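Hi,

Here is the structure I promised to pass on. Have a look at it first, and then read on for what turned up in it.

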Amino acid sequence: MIMIRVRSRDGLERVHIENPHITVSQLKTLIESQLRVPISQQTISLNQNLLLAKSPQDKLQFNDLSSNPQTLISSLGISHGSLIYLSYEGERSIAGGPTVNPAGSFGRKMTMDDLIAKQMRVSRQEKPNCESVSFDRDAANCFQHYVNETLAFAVKRGGFMYGTVSEDGEVMVNFIYEMPQQGTEDNLMLMRDSEEEKIVEAIALGLGMRRVGFIFTQTIGQNKEEYTMSNSEVLQAAELHGESGLKEWVTALVKLEVNEEGGADVHFEAFQMSDVCVKLFKEGWFETDCGGDHDPKISRMKKEVVVGVKDVKEVDNDFFLVVVKILDHQGPLSTSFPVENRITSIPPRALKTHLEKAKNLPFVKRISDFHLLLLLCRFFDVNSDVPTLAECVQLQSTVPEGYQLLIESMASAT
């Protein structure tokens, strides 16, 4: 008896043959009986590219084993341990078990983990779940100016993006909240403050907005590496994407790129983490501690996944990234007030200075800045006052006199 290995979209399986001198037609019969794939649905070949064929028309070119069904498999070089490739349409069932697609290896007892592992296929996701992402020009410039001029792209920086999502999947980013954090050349540790985030969420609610994504920078040192995102960045982005529960969630990347004149330009890129990437993270497939010598452009898995026609434990990070089109717009908020949680603290007179600079504008216009609202709302009730004040900004309606007097007294006290 000999054994022939059969690779299909479901992984690697085995067909056992008593007579090594059977024909191609008889081999197909054995595949039908042992692997439960009907002969009429089978296309078999010695060429692994068969598994990349996307249509029945594409499969017609792989006729090396099908042109003469009466050919002996031994004359084609097929013997014990040989590997052939099988493509088929539809589903199939495993004897003694439920209908599954894809199926696990035949000829041994399958555990539930084996079945799940054989189903976990990693491929490029061609289309994002959002149509585009548009950045408020002032918000984007405020973020990039700080990491460029103050941090000089020497350490990493990040923030949550807030805005709206249209019915057509168009993401609009109108402000960026920079949480407490510690950045190094290679890593970004988010030291999230739950109480502060409650205030941010209340402001966003009043503004008719929500958290829509995560933005972070890559350092000059990282630019020497040949990757789009490192494995640690993929893990962080996948975690935040999964936490959001928003299918349109966007991950934005800011870095320096050398221009044609040899100078450096600040460059924005936008992605979504693929659906399978988020699924893998939620289910704990990623190795989260790969050691310092690990290639940063590769993500390591705890168990094998199927990439193309191979069972692997290491996946190129680019497989997890889905490019998103970038646009820009002028949003409803200003960004002239000092930003929270940066190296330099907000000056005591910042509120008074800000209000005086805009004293000719309506009061609601003077406070139409997220970073200003975040400072003010630390002194208001998060459940009632904060949404009310933020809603005035959203509607550009008159701020109740009590709030205005309180804010002006706060400014005068500094």
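How far apart do the C-alpha centres of domain 2 and domain 3 lie? They are 32 Å apart. Keep in mind that this is a predicted model.

To get your bearings, start with how the protein chain is divided up. The domain assignment gives domain 1 (2-88), domain 2 (122-329) and domain 3 (349-413).

**Where domain 2 meets domain 3**

Twelve residues from domain 2 and 13 residues from domain 3 take part in the contact between them. The size of an interface is often given as the accessible area lost when the parts come together. Here, domain 2 and domain 3 bury about 1100 Å² between them, and 79% of that is on carbon and sulfur atoms. On the domain 2 side, look for I199, I203 and L207: these three supply 44% of the area that domain 2 buries against domain 3, more than any other three residues.

Now for the charged and polar side of things. The rule finds one salt bridge across this interface. As for polar contacts, one residue pair across the interface of domain 2 and domain 3 qualifies, with both residues at pLDDT 80 or more.

Which elements does domain 2 use to touch domain 3? Both β10 (170-177) and α5 (194-206) supply at least two residues each to that side. The largest share comes from α5, with seven residues. Sorted by class, the side of domain 2 that touches domain 3 has eight nonpolar, two polar and two charged residues.

**A sheet to trace by eye**

There is also an open sheet of three strands, in the order β7-β16-β17, with mixed pairing. Its edge strands are β7 (121-122) and β17 (310-316), each of which pairs on one side only.

β7 and β16 (residues 298-307) run parallel and are joined by two bridges. If you want a residue to start from, V122 has V307 in β16 as its bridge partner. From β16 to β17 the direction is antiparallel, with six bridges joining the two. V307 turns up again here, as its bridge partner in β17 is K310.

Finally, zoom in on the turn. β16 and β17 form a hairpin with two residues between them, and G308 in that turn has a positive phi of about 65 degrees.

Key:
Residues numbered from 1 in each chain as written. Predicted model: local features only at pLDDT ≥ 70, side-chain atom pairs only at ≥ 80, totals over all residues. Heavy atoms only, no water. Domains from an automatic or database assignment. Contact = heavy atoms within 4.5 Å. Buried area = accessible area lost by both parts, 1.4 Å probe. Salt bridge = Lys/Arg side-chain N within 4 Å of Asp/Glu carboxyl O. Polar contact = N/O pair within 3.5 Å; in protein donor to acceptor, adjacent residues only side chain to side chain. Helix = DSSP H or I, 4+ residues; strand = E, 2+ residues; numbered from the N terminus. Nonpolar A, V, L, I, M, F, W, Y, C, P; charged D, E, K, R; others polar. Pairing = 2+ DSSP bridges.
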